[in-house]
Amino acid sequence: MQDEPLAFDEARRLQRHGAVKGAFENSVNAEIRAGALIPNVGEGPKIDAISQRLRARAIDDVADTEDEIQRQRRFARLRQFVDYAFGLVYGVLALRFLLALIGARQGAGFVRMVDGLSAPLYAPFRGILPTQMVPDQAFTFAPSLLVALVAYALLHFAVRGMLRLVGRRSTEL
């Protein structure tokens, strides 16, 4: 589901990292070989300084990539937790809506449990729209529950977007 693009993105980053690292190493090795073929007096220290600088830069790049991969994994886990929590909210509110719609007996233990779990989630939305009861039936249509589901879906969307913004690297070269 949501983890497949993340896994694909991580695999693509690792592959790109390996390719860049390999190309960089090949370039450094070619430069060193080319400099070694032309024996000029006094270039030894210069070559050593260049190779040390390139080596340090390569090590820094590898460390930065590893840090970025670990950061992405942490944010992926946080996004999974957020998705799970909102899934529970959706499930409890939808179950309450369906139980009211089919006219479940309010005294039943399961109905009381669902009402108790959903009460804090439903409280800000209770009474936004009038509840419709079918005459001579136990069926109840509670559109306020649908409003609550839509509001929580929008909140979920906003939280996921914020996590995506915070979790992604802001600059790339």
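Me: How many aromatic pairs does a search of the whole structure find?
Reply: Keep in mind that this is a predicted model. One of the pairs is Phe86 with Tyr90, whose ring centres sit 6.2 Å apart. Another joins Phe97 and Phe141. Over the whole structure, the search turns up three aromatic pairs.

Me: Is the Phe86 and Tyr90 pair stacked, edge-to-face or tilted?
Reply: A pair of aromatic rings is described by the distance of the centres and the angle of the planes. Planes under 30 degrees apart would count as stacked and over 60 as edge-to-face. For Phe86 and Tyr90 the planes are at 40°, so the pair is tilted.

Me: What separates Phe86 and Tyr90 along helix α2?
Reply: An α-helix has 3.6 residues a turn, so residues three or four places apart point the same way. Phe86 is buried at 11% relative accessible area, and Tyr90 is partly exposed at 23%. The two are four residues apart in α2, which means a separation of about one helical turn.

Me: What is the angle between the planes of Phe97 and Phe141?
Reply: The ring centres of Phe97 and Phe141 are 5.8 Å apart. The pair counts as edge-to-face, with the planes at 75°.

Me: How many residues apart in sequence are the parts that Phe97 and Phe141 tie together?
Reply: Phe97 is buried, with a relative accessible area of 11%, while Phe141 is partly exposed at 34%. Phe97 belongs to helix α2 and Phe141 to strand β2, so their pairing ties together parts that lie apart in sequence by 44 residues.

Me: How many salt bridges does the count come to?
Reply: Side chains of opposite charge can pair when their charged atoms come close. The cut-off here is a side-chain nitrogen of Lys or Arg within 4 Å of a carboxyl oxygen of Asp or Glu. Among the pairs is Asp83 with Arg160, at 2.5 Å. By that rule the count is four.

Me: Which helices hold Arg73 and Glu10?
Reply: Arg73 forms a salt bridge with Glu10, and their closest N and O atoms are 3.3 Å apart. Arg73 is partly exposed at 40% relative accessibility, whereas Glu10 is buried at 14%. The bridge ties together parts 63 residues apart in sequence, because Arg73 lies in helix α2 and Glu10 in helix α1.

Me: Is Arg160 buried or exposed?
Reply: Arg160 meets Asp83 in a salt bridge, with the closest N and O atoms 2.5 Å apart. Asp83 lies in helix α2 and Arg160 in helix α4, so this pair ties together parts 77 residues apart in sequence. Asp83 counts as partly exposed at 21% relative accessibility. Arg160 has a relative accessible area of 13%, and anything under 20% counts as buried.

Me: Which helices hold Asp115 and Arg96?
Reply: The side chains of Asp115 and Arg96 form a salt bridge, at 3.6 Å from N to O. Asp115 is buried, and Arg96 is too. Their parts are 19 residues apart in sequence: Asp115 is in helix α3 and Arg96 in helix α2.

Me: Which elements do the buried residues of α4 pack against?
Reply: Helix α4 runs over residues 143–167 and reaches 36 Å from its first C-alpha to its last. Its buried residues include Leu145, Leu149, Tyr152 and Arg160. They pack against α2, α3 and β2.

Me: Which residue follows α2?
Reply: α2 has 59 residues and reaches 86 Å from first C-alpha to last, close to the 87 Å expected. The residue that follows has a positive phi, near 80°, and is Gly103.

Me: What pattern does the protein follow, read along the sequence?
Reply: The protein has four helices and two strands. Of its 173 residues, 24% count as buried. Along the sequence, the pattern is α-α-α-β-β-α.

How values were computed:
Residues numbered from 1 in each chain as written. Predicted model: local features only at pLDDT ≥ 70, side-chain atom pairs only at ≥ 80, totals over all residues. Heavy atoms only, no water. Expected span 1.5 Å × (residues − 1). Buried < 20%, exposed > 50% of the residue type's maximum accessible area, 1.4 Å probe, protein only. Contact = heavy atoms within 4.5 Å. Phe/Tyr/Trp six-rings, centres within 6.5 Å; stacked < 30°, edge-to-face > 60°.
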